[in-house]
Amino acid sequence: MWLLEIEDLSVSIGSKQVLKNFNLRISRGETHVLFGPNGTGKTTLLNVIAGIPRYVIDGGRIVFKGEDITHMSMDERARLGIGMAFQRPPAIRGLRLRDLIKIINPKADAMAILKKMDFEAFADRDVNRGFSGGEVKRSEMVQLLAQQPDFVMLDEPDSGVDLENIKLIGEAINTLTQKDQRPSQRTKSGVIITHFGHILDYMKADRAHVMLGGSIVCSGNPGEILEQIKKSGYEGCVGCTCPV
Amino acid sequence: MHVSGIEDKARKARDKKALYGTDVDLESYESEAKPQVIVANAEDLPSVVKKAAMDVGVKLDGESSGSFVQMDQTPVIAKSLYEGVEIMDMASALEKYDFLQDYWWKLVAPDADKYTAEVAAAPPAGYFIRAKKGMKTVFPVKSCLYLGSSNLNQRVHNVIIAEEGSELHVITGCTTPAHVQRGLHVGVSEFFIQKNAKVSFTMVHSWGKEVEVRPRTGITIAEGGSLSNNYILLKPVKTIQTFPTATLAGRGAVASFNTVIYATMGNIDVGSNVNLNAPETSAESISRVVCVGGEVIARGRMTGRVPGARAHLECVGLLLSDKGRIYSIPELDGQSRDLDMSHEAAVGRISEEELEYLMSRGLSSEEATSVIVRGFLDVEIKGLPDDLKQEIKNITQREDLKGAP
Ligand SMILES: Nc1ncnc2c1ncn2[C@@H]1O[C@H](COP(=O)(O)OP(=O)(O)OP(=O)(O)O)[C@@H](O)[C@H]1O
Ligand SMILES: [Mg+2]
């Protein structure tokens with residue numbers, strides 16, 4: 001029933017330990033929110049789940065669909081159903097967005113996806129090249145809609161996005177996580193990192209966690225946790241009474 | 001220059017080594033080849049030639065304003081389909097037009113090196129293309145230089161004249177079939193772009209692993225004239241050395257050079273040399289090199305001689321193997337005040353970040369590399385008709401362009 005299980009994961013970059021005995025479980029059909037201050041290791045966590053090789057795994061493991069993927073290559077993980085919207089994706093010169101969609105999924109209806117994200121005008125632009133901060137986020141959603149992963153990781157999909165587009169992105173996340181279906185029928189899951197939580201007005205999230213110093217210090221209902229952070233800061237969450 | 005004067009010079013330069021590139025033993029090649037059958041229409045060409053031309057982006061039976069094909073030493077077709085463009089084989093053109101003596105060997109010296117000397121000593125072959133005054137067409141002249149016999153030293157001498165106010169597009173594919181073990185191609189080209197004429201010249205090379213190539217090109221551009229010169233080499237070659245020289249001789253003349261190279265082997269020494277000799281002239285040279293083997297020397301030289309001239313050089317290389325070398329030599333020579341000249345050169349590898357990004361979408365490392373390589377080689381070429389642009393894109397977007405083998 002768990003789609004993703006992370007057990008006692010410790011990760012470092014260079015000499016710096018970023019994740020410390022990190023634990024998280026996400027069941028099928030659930031979408032979780034990750035809150036936490038800058039530099040606390042949120043992006044690192046997502047990158048390690050995606051399999052970006054520049055991190056050192058000091059201990060623990062990642063299990064996806066019952067399989068230990070801790071040392072699996074990135075493309076294998078993607079084919080197993082993991083997808084990610086990057087916080088700051090690179091530009092690829094000479095590769096049109098339209099063509100990338102076809103490469104990701106030859107069966108995808110590229111124009112329909114672009115239309116859904118109000119992004120048709122970017123079909124023939126090089127991927128992310130010269131895109132504004134908010135446009136980059138829509139480009140990421142377009143690619144994920146083509147990829148249709150079973151587990152979607154969204155690293156600040158709302159930062160730099162204007163009010164109208166935040167709604168579009170929220171709706172796309174709901175589509176990716178099957179929020180249009182009844183809870184018992186959902187099989188896809190997600191995790192989203194957000195600082196301000198505004199996007200949560202447009203998408204459904206089931207659970208939230210606060211990360212501090214490389215591990216989760218508090219978990220609970222997304223709305224309540226956001227309130228708690230707004231009221232007493234991240235430190236106020238340490239040892240919170242929210243049921244973990 | 002008088003004919004005997006040319007021959008004299010050529011004789012004296014017979015052993016003169018070229019400034020750049022490896023030295024070719026001319027004696028080891030034959031210059032006599034079996035004459036080929038001359039055809040009336042491009043459709044009547046042997047199918048191997050049509051196919052070879054197609055592989056270098058020259059669809060001989062597609063829409064064009066004319067065609068020229070030389071097989072070995074025989075021009076087999078020189079035919080115009082548009083009244084504004086004249087296309088002839090060089091020997092006939094020299095016979096017909098006395099005025100050609102004012103153009104013949106005027107931009108390339110017969111005694112520049114042993115290769116020009118070799119061409120000067122040979123009977124004239126190659127094409128003469130003339131866009132007549134004020135005549136414009138977006139349909140390209142399609143030409144193919146086909147080296148079909150082993151051990152042959154193929155020699156051509158081309159002249160292009162774009163008369164005042166004309167517009168001319170030429171695509172030339174130079175190719176050898178797989179059965180040719182060994183060969184040499186020496187080509188002299190002289191392009192005269194007259195007042196306000198607009199010319200694009202695209203050359204696609206596809207040679208064999210034992211073929212050596214020594215093009216020698218001189219170009220002059222008069223007031224208001226423009227040239228877009230594109231060179232594409234994606235297939236193996238033993239050695240190639242070329243350094244076309246363009247002189248911007250009239251006010252406002254413009255030249256742009258685009259070079260796209262995917263090297264797997266050999267010694268490839270290519271570049272462009274532009275003299276900005278008149279006010280308000282500008283030149284740009286962009287080269288993109290992917291090297292998975294062999295040695296690529298990418299040269300670029302711009303010389304600014306008058307105030308207000310603008311020049312930009314860009315040499316970017318992706319070196320994807322320990323077995324390769326990219327040696328980038330951008331040179332700017334400023335000889336006046338108020339110039340605006342710049343260059344940008346980089347040799348590097350594929351960015352890890354881009355690779356990981358594509359892999360996170362499910363592409364394998366090889367697929368991602370190939371997508372990035374193709375994107376890198378997709379140079380934006382200005383001044384070309386859309387159809388031609390698309391054909392060039394098709395060539396540079398072939399599936400077989402990969403990372404290290
Ligand atoms: N390549 C690296 N070398 C050294 N330190 C790094 C490297 N990459 C990340 N870090 C450090 O690891 C820590 C965690 O970074 P991470 O990007 O995971 O934070 P984050 O929680 O996503 O922050 P933000 O909210 O600002 O996006 C930071 O202190 C960061 O500076
Ligand atoms: Mg982050």
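This is a predicted model: local features need pLDDT of at least 70, side-chain atom pairs count only at pLDDT 80 or more; totals for chains, interfaces and linings use all residues.
Let's start with the ligand. There are 14 residues around ligand 1, and the ones that come nearest are A:G39, A:G41, A:K42, A:T43 and A:T44. Sorted by class, this shell has eight polar residues, along with three nonpolar and three charged ones. Several polar atoms sit beside oxygen atoms of the ligand. A:T44 puts a polar side-chain atom 2.5 Å from one ligand oxygen, while A:G39 uses a backbone N or O atom, which lies 2.8 Å from an oxygen atom of ligand 1. For A:K16, the distance from a polar side-chain atom to a ligand oxygen is 3.4 Å. On its own, ligand 1 has 640 Å² of accessible area, and the protein covers 63% of that. Of the elements, α1(A) gives the most, with three residues.

Now for the sheet. Six strands of chain A make up an open sheet with mixed pairing, and their order is β6-β7-β8-β3-β9-β10. At the edges are β6 (82–85) and β10 (215–220) of chain A, each pairing on one side only. From one strand to the next, the twist averages 20°. Within this sheet, β3 (residues 31–35) and β8 (residues 189–193) of chain A run parallel and are joined by four bridges. One residue to look for here is A:V33, whose bridge partner in β8(A) is A:I192.

Helix α5 (residues 133–147) of chain A lies across β6 and β7 (151–155) of chain A, and runs at about 165° to β6(A).

Definitions and conventions: Residues are numbered from 1 along each chain as its sequence is written. Chains are lettered from A and ligands numbered from 1 in the order in which they are written. Side-chain values use heavy atoms; hydrogens and water are left out. A residue is near a molecule or strand if one of its heavy atoms lies within 4 Å of it. A polar contact is a pair of N or O atoms within 3.5 Å; within protein, one must be able to donate a hydrogen and the other to accept it, and residues adjacent in sequence count only if both atoms are side-chain atoms. Accessible areas come from the Shrake-Rupley method with a 1.4 Å probe; for residues, only the protein chains shown count as cover. Helices (H or I, at least four residues) and strands (E, at least two) are DSSP runs, numbered from the N terminus. Ala, Val, Leu, Ile, Met, Phe, Trp, Tyr, Cys and Pro count as nonpolar, Asp, Glu, Lys and Arg as charged, and the others, Gly among them, as polar. Two strands pair if DSSP finds at least two bridges between them. Axes are lines fitted to C-alpha atoms, for helices over the stretch in contact, and angles run from 0 to 180 degrees between N-to-C directions. Contact means heavy atoms within 4.5 Å.
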